[in-house]
Structure formats: C-alpha cells, structure tokens
Amino acid sequence: MKSIFKALMVTSFVAVSFLMTGCNDGDKIIDDNNTVVHPENPDNPTPTPVGEWQSNLSVEIASAKLKNDSAIFGQKKDAKKGLDKRDLKAMKAPNWGQNTLEVVFEMDGKEFNTVFQNVSEEEVQKTEFLIRTNKEGREVRIFFNGIAQLSSEVDHTGRTVYTPKSTDSSNRLLERLKLIDTVAKTEVPFIKDGKLQSYVFTMGNNEKERKFTIVLDTKHVDISSDASQSKVSKLTTTDLEETPVLNLDAPLEDE
Amino acid sequence: MDSVIESKRIKIIIFFCLCIASLQAASIGDIFKSGLQTTGDLDTSGDVFLIGEADGTIEAPSGSGVIHCGENTSDPACTKSGQRVNGAPGNWPDVDNAEDKSTAWNLTTLDLQPGTYRDVNIGYQHKLILHNGTYYMRKLTFGSNAELNTSSVTNTVQLLIRDSTDFSNVSVNCDSNDNPLPPHHLAFYSGGDVTITDGGCISGFVYLLDGKLTFNSNVVAAGAFSADTMSLLDQSRITNRVDDLPLVDFGPICQSNMCLVKEKGGKWHMIGIPADIDGKTVSEVFGDDFDDNNFTGSSSDTWRIYERTYSDTDNTSSYSMVPTNGTLHQGQGYWLGNQNDIVWDLDGLANVTWDTNCPNVNNSKVTECLTIRLKSASDNSTPPQGGPYRYFLSGYMGLKTARWMDFRFKINGGSAITPTEAHDNGLIDNQIWIYNEGSNAYDTCVDDDAGCVVDPREGFWIELNSTTTNQTIDLIIPNGGA
C-alpha cells in the first residue's frame with residue numbers, strides 16, 4: 001500500500017517537475033531533479049540544491065578497526081563563509097594510548113567537527129579538514145556519502161530547528177564535489193558514473209595526520225584520473241593490527 | 001545452491017522485513033525507538049539486510065541481494081554501516097522454580113497470561129496464545145506445525161526465554177498462510193541459541209545476547225534479528241520486498257530496572273547509569289556484575305571507574321579513580337575501563353525518581369524530568385588555570401533516548417531556557433560531546449539539530465563559560481522523548 005502511495009507521490013512529483021521544466025522563475029529554471037538550472041546554458045546545467053543540506057565523511061582504518069563518521073559539512077542559510085555559530089567545535093580525543101582516528105575541519109587555527117557555510121552559486125566553496133591518527137603508516141579510506149537536504153522550522157522558543165531528510169546519493173550536487181589530497185596532489189570526485197566513490201591513501205612513515213580540501217565547484221567536476229574507487233577490497237585477518245592493551249591507569253594521567 | 005554466511009564471533013543485526021509495506025516506520029519506531037538508523041526504503045526484491053559490527057568476514061548469500069554491515073565495511077558485501085545494539089534483560093526472576101507448563105503439550109490451545117514460567121511445551125499443531133505484557137520462561141518448546149499466536153496483541157509481547165529455543169516449522173506471529181503479522185507485536189529475547197528452520201515463519205524483533213542464530217531454507221522472516229553469531233543457509237526463499245526498515249534498539253526488552261549492558265573489553269566507555277545511584281558505592285552498582293568487585297588500583301585490576309573532579313578555584317579538572325567503596329552521584333558521567341567483555345545490570349538499584357513538574361518543551365512524549373546541579377565555571381580562567389571553560393561530564397540516567405533540544409537550563413533558579421538561549425546569553429555552549437568507541441574520539445551536535453540525542457547509558461560533556469562564575473547552573477534532563 002505504502003509503495004503505491006510512494007509511486008503516486010513520485011509520479012506526481014515528476015509530473016509537477018515536468019510542468020515546471022522550462023518555466024523561468026526569475027533568473028532560475030527548476031529541472032526535474034529539483035535543482036536550479038542556469039538559464040544561460042540549460043543544456044549543460046549547473047545543479048544546485050534548493051535549500052540547505054549536509055553530508056558527512058566516513059573515514060576508516062580497517063586494520064585498526066577504527067571508523068569515524070562524525071565530520072559533517074554543508075550549507076545553512078544563516079551560516080557564514082567563515083567561522084560562525086553553525087560550526088561545532090571539536091573536542092580533542094582522549095590520549096590514553098588507544099588507537100584513535102580523528103577527522104576535524106580547520107578554520108582560523110581552530111578545529112571543528114561540523115562546518116556549515118553559505119556560499120552563493122557563483123562561488124567555489126572550499127573546506128579543509130585533517131585526518132589524524134595515533135600511528136603512522138596506516139592505510140586510510142575515505143568514503144563519500146550522499147547529500148541530506150535539511151528542513152527547518154522555528155520552534156516555540158524561537159529556535160530554528162533543523163531536521164535532515166534521508167541521505168540521497170543521487171543528488172546532483174554530488175557531481176560538483178571533489179576531494180583534494182594536499183599531500184599526494186590527487187583530486188577525487190565524490191561520484192563517478194553514478195556511484196559514490198571512496199579514496200584510499202597510506203600515511204607516510206612519520207605521518208600521523210594529513211590535510212584534505214573538499215571543493216564544491218560551480219560546475220560539474222570532471223576528473224579523468226582513477227584515484228577513486230567505488231568498490232573496496234576485502235580485509236583479511238592477517239591485515240589486522242594488534243589492539244593495544246588497555247592501561248587502566250591512563251585516566252590518572254589525564255588527556 | 002545453498003549459500004552460507006557463517007562468521008566466528010560476528011556481531012550482526014539482520015533485518016528481513018517482509019510484507020510490512022502497510023506499516024509506517026514511525027509506528028514501529030515509536031516502540032523500538034532510536035539506536036539504529038537504518039537506510040529506509042530498499043525497494044529491491046530479495047534484499048537481505050544485515051547491520052552490525054563484524055569481527056570476521058561475511059560472504060553474501062548468492063543471488064539474494066545486499067548485506068549491510070557495521071565495522072566490517074571493508075567487506076565488499078557491505079554497503080551500509082550500523083551497529084549491534086547492546087542491551088538485554090537482567091534481573092531475571094527465578095524461572096527454575098516458577099510455575100511449570102511442561103505438561104501443556106496435550107492442550108490444543110494454551111492461553112497464557114503474562115508472568116514467569118519454568119518450562120512451556122506446546123504440542124504438534126497446538127497453539128500458544130500470548131497477550132500484551134512480559135513473559136519469562138526457562139524454556140519454550142514446540143512440536144511440529146505448532147503456533148505462537150499474538151492475535152489479541154495490540155501493543156507488544158515481551159517474551160524472554162533463558163535457554164535455547166527451536167522455532168523450526170513453527171508459526172510465530174504469522175497468520176495461517178505463513179504471512180508475517182506486524183513484527184512489533186513480538187519482542188523476543190533469548191539467553192541461548194535460536195533455530196528457525198524447515199518451513200517456519202517468524203515475525204518479531206529477536207535479540208540474542210551470546211547465542212547463535214540459525215536460519216535455513218523455506219523460512220519466512222520479518223522484523224529484526226540481532227545475534228553475535230549467525231548462520232544463514234539458503235536465502236532462496238527470502239524473496240519479498242524490504243520496505244521501511246524500522247529503527248531498532250530492542251528498547252522494550254530493556255525495561256526499567258532490568259537493563260543489562262554488555263561492554264566490550266579493552267575499551268573505555270563513557271557512561272551514565274540509568275538508576276537512582278545517589279550515594280551508592282561502586283561496589284553496590286557494579287560489584288554484583290564483575291568478577292573482581294574489590295579492585296585495588298593495582299595492575300591486577302581488570303576494570304575501574306573514573307570520575308571527573310573539578311577545581312574550586314579555576315577551571316582545571318582531572319580524572320580520579322572511584323574506589324569500590326566510593327560513592328556515585330546522579331547525573332554525573334563516569335568512565336568505565338574494562339580489560340575483558342563484561343555485562344552489568346541494575347540489580348538492587350531503585351528506579352530514578354523523576355519529577356513530573358517539568359518545563360514545557362513542546363514534546364508530548366516528555367512528561368518527566370530530573371534536575372541536576374552543574375559545577376559552574378571559574379573566572380580565574382587565564383591559562384594555565386584551565387582556560388575560560390569548565391567541561392562538565394554528565395551522565396544520562398534515562399532508559400529511553402532523549403533529544404538534546406528538550407534539555408533545559410536554569411540559571412540562579414530563573415526560567416527554564418534552551419541550550420541555544422543559554423548559548424546566546426554567553427553562558428553555556430549549546431553543543432554536547434559524546435564519546436565514540438568506534439573512533440576513540442568525540443562526536444558532537446547541537447540542540448537545533450533534531451537528530452541530536454542522548455542514548456541510555458551514555459555520558460556527555462557540557463561546556464560552561466567563565467561567565468557562569470558564582471551562579472547556580474541547573475540542567476533539567478528529560479526522561480526520554482526522542
């Protein structure tokens with residue numbers, strides 16, 4: 001029953017979107033993916049999501065069984081290009097001799113877990129982040145995830161509350177996103193041939209952190225290199241690191 | 001061709017959602033709320049949905065769709081992540097000496113009221129009728145083609161069986177044509193192995209603490225299945241559509257004062273304790289659960305509890321071990337470090353006494369709250385005196401997930417204000433930080449994010465500014481509401 005309802009909704013949406021296609025809304029045309037098409041070049045549209053959105057990075061060191069999904073970036077209307085109240089401060093990971101994996105955005109010399117900006121369609125948005133771990137030489141994989149549109153409403157206290165919708169890996173905004181490995185000088189598209197990509201790199205011998213830049217371009221990202229991967233290889237048990245023994249005295253040393 | 005998924009010490013949650021297209025996810029989520037955010041619609045025939053953390057390898061069943069795993073996302077079969085939820089019943093009643101129904105096998109129908117039973121036997125083609133409420137049993141056995149009937153259930157049957165159960169060729173919460181009935185009508189906890197084979201049908205939320213879950217061919221299954229070790233044989237019959245995967249944390253099983261938590265060994269856990277712990281000692285809370293309940297602070301200890309202690313003159317703070325005779329405090333968060341896998345429960349502890357006079361948070365699910373006093377920051381804040389912020393380690397004492405947006409502060413006994421208002425007043429940050437064991441780092445979120453929640457048994461950090469100096473800062477914590 002519900003799938004029928006869903007199908008009707010989709011059909012209605014497509015129909016309405018179809019009717020809207022080609023309708024000039026001021027300077028904008030809305031295409032059937034609910035994205036803004038630049039009227040000067042409708043055959044090669046620059047997709048821009050309507051409203052506010054967020055995405056997160058999943059970073060994994062499989063050999064140490066570490067995974068961090070906490071780094072969130074995106075756009076909110078009342079955010080600024082630089083530091084503002086929409087950016088959430090990162091707290092330093094406990095330093096207790098355990099394996100750690102941190103993912104933090106860098107802005108104004110400070111570190112954040114979440115960064116929201118508000119950049120116009122004509123501007124390229126760049127967001128720098130660091131991946132930091134406690135041990136050098138590890139293989140690290142970055143998974144790109146889909147886009148979650150944000151709906152907002154003002155609650156009874158006057159607070160604007162945001163609710164992420166379900167993550168959508170077909171959002172055309174993904175076509176404009178790329179990752180730059182500032183050490184390897186590698187550029188990786190978030191999505192390729194319709195599939196979300198991942199990027200693998202190995203920390204150097206004395207390297208415990210690496211800086212990356214996420215770029216939201218004004219146009220489709222067109223990268224021909226094959227640095228990204230849509231599939232991952234299987235980890236064997238022999239690849240696993242030995243887990244450090246827990247030191248129960250560690251908290252006395254504080255972080 | 002049979003396909004096999006067998007993993008050694010795998011932590012998995014498997015979701016088979018069949019024939020529940022008419023169910024709204026929210027209605028299931030209301031009962032089995034939070035914890036796991038699944039991916040929503042997977043409108044693909046034959047999907048098998050696995051979520052969990054896997055220490056071993058997983059092989060996809062041939063020709064039957066997608067596997068979704070947790071930590072083991074390096075496995076090419078895994079496409080999404082999630083985690084196996086901790087939580088299982090503790091505080092078992094004495095099932096060994098409870099009323100015995102082992103001779104019920106000769107009854108065509110056994111209509112059983114909620115309660116505690118020793119052994120229950122249901123004979124060939126016979127029927128067991130269960131009702132809204134909680135059942136404890138030592139063992140439940142079925143003859144072939146027997147039936148566990150929940151037709152009178154409007155809420156949930158909570159069925160807790162200590163020993164292993166074999167549901168082979170049994171209809172469990174399914175109709176006479178083996179069509180699954182709404183799975184949220186049955187929450188089933190097993191202390192032992194569970195086998196579902198040979199044409200059985202089961203619809204429910206099934207949680208195994210340590211046992212092995214085995215399916216084989218011709219099984220119709222709906223709902224969610226969580227087990228450390230899982231064996232799936234021949235998925236050829238799992239051909240129905242997966243739709244509206246529910247949010248699951250097996251919350252109904254983990255009820256007030258009977259919650260038991262399994263903590264991984266070799267890790268630190270930032271915890272809140274969901275009971276009235278004020279004035280209770282470490283021994284009184286954890287001593288009945290852990291092997292060495294008199295840790296000495298020596299290298300031979302296998303577990304310890306630490307608390308955050310705060311300077312009275314500046315914003316520095318540090319960790320102190322709480323000895324086994326040291327007292328714990330309501331609303332305070334703690335670090336539990338344990339070398340081995342351990343399980344703790346709330347045996348012997350009173351429920352939290354919640355206040356019903358709570359500020360309006362515009363959430364009908366919030367009817368109870370509790371106020372705790374935070375340690376305000378100091379204005380002697382020039383580094384190295386700890387800087388301008390006091391970081392307070394709080395512990396959530398609810399058994400249901402709460403939204404951070406429903407928390408309130410009171411400054412000097414004034415009106416209740418939101419974290420955002422406290423932040424805008426320059427007093428307290430509206431962020432909280434929660435420890436993530438998967439990365440050994442902190443996650444963070446703010447109260448204007450509807451998804452910012454605190455789960456049962458979690459601790460969280462709050463940042464107070466030096467502007468709170470000499471002010472009383474109360475945090476009003478809601479009992480659930482997410």
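Colleague: What pLDDT does chain B average?

Modeller: This is a predicted model, in which local features need pLDDT of at least 70, side-chain atom pairs count only at pLDDT 80 or more, and totals for chains, interfaces and linings use all residues. Residues are numbered from 1 along each chain as its sequence is written, chains are lettered from A and ligands numbered from 1 in the order in which they are written, and side-chain values use heavy atoms, with hydrogens and water left out. On the pLDDT scale, the predictor's confidence in each residue from 0 to 100, 70% of the residues of chain B score at least 70. The average for chain B is 74.

Colleague: How many contacts beyond near neighbours in sequence does the stretch of residues 1-87 of chain B have?

Modeller: Read this stretch with care in mind: over residues 1-87 of chain B the pLDDT is below 50. Contact here means heavy atoms within 4.5 Å. Beyond near neighbours in sequence, the number of contacts that the model gives to residues 1-87 is 306.

Colleague: Is strand β17 of chain B largely enclosed or open?

Modeller: Strands are DSSP runs of E with at least two residues, numbered from the N terminus, and β17 of chain B covers residues 201-208. Buried means under 20% relative accessible area, exposed over 50%, and partly exposed in between, with a 1.4 Å probe and protein chains only. B:C201, B:S203, B:F205 and B:Y207 point one way and B:I202, B:G204, B:V206 and B:L208 the other, all of them buried. With eight of its eight residues buried, β17 of chain B is therefore largely enclosed.

Colleague: Which residue of β17(B) is the bridge partner of B:F188?

Modeller: Two strands pair if DSSP finds at least two bridges between them. Strand β14 (residues 171-172) of chain B runs parallel to β17(B) and is joined to it by two bridges, while β15 (residues 186-190) of chain B pairs with β17(B) in the parallel sense over four bridges. In β17(B), B:V172 has B:I202 as its bridge partner, and the partner of B:F188 is B:V206.

Colleague: With which residue does B:C201 form a disulfide?

Modeller: A disulfide is a pair of cysteine sulfur atoms within 2.5 Å, and the sulfur atoms in question here are 2.0 Å apart. The link is left-handed, with -85 degrees about the S-S bond. B:C201 counts as buried at 1% relative accessibility. Its partner, in the loop between β14 and β15 of chain B, is B:C174.

Colleague: Is the disulfide of B:C445 and B:C452 left-handed or right-handed?

Modeller: The sulfur atoms of B:C445 and B:C452 are 2.0 Å apart. B:C445 is buried at 14% relative accessibility, and B:C452 is buried too, at 1%. The torsion about their S-S bond is about 65 degrees, so this disulfide is right-handed.
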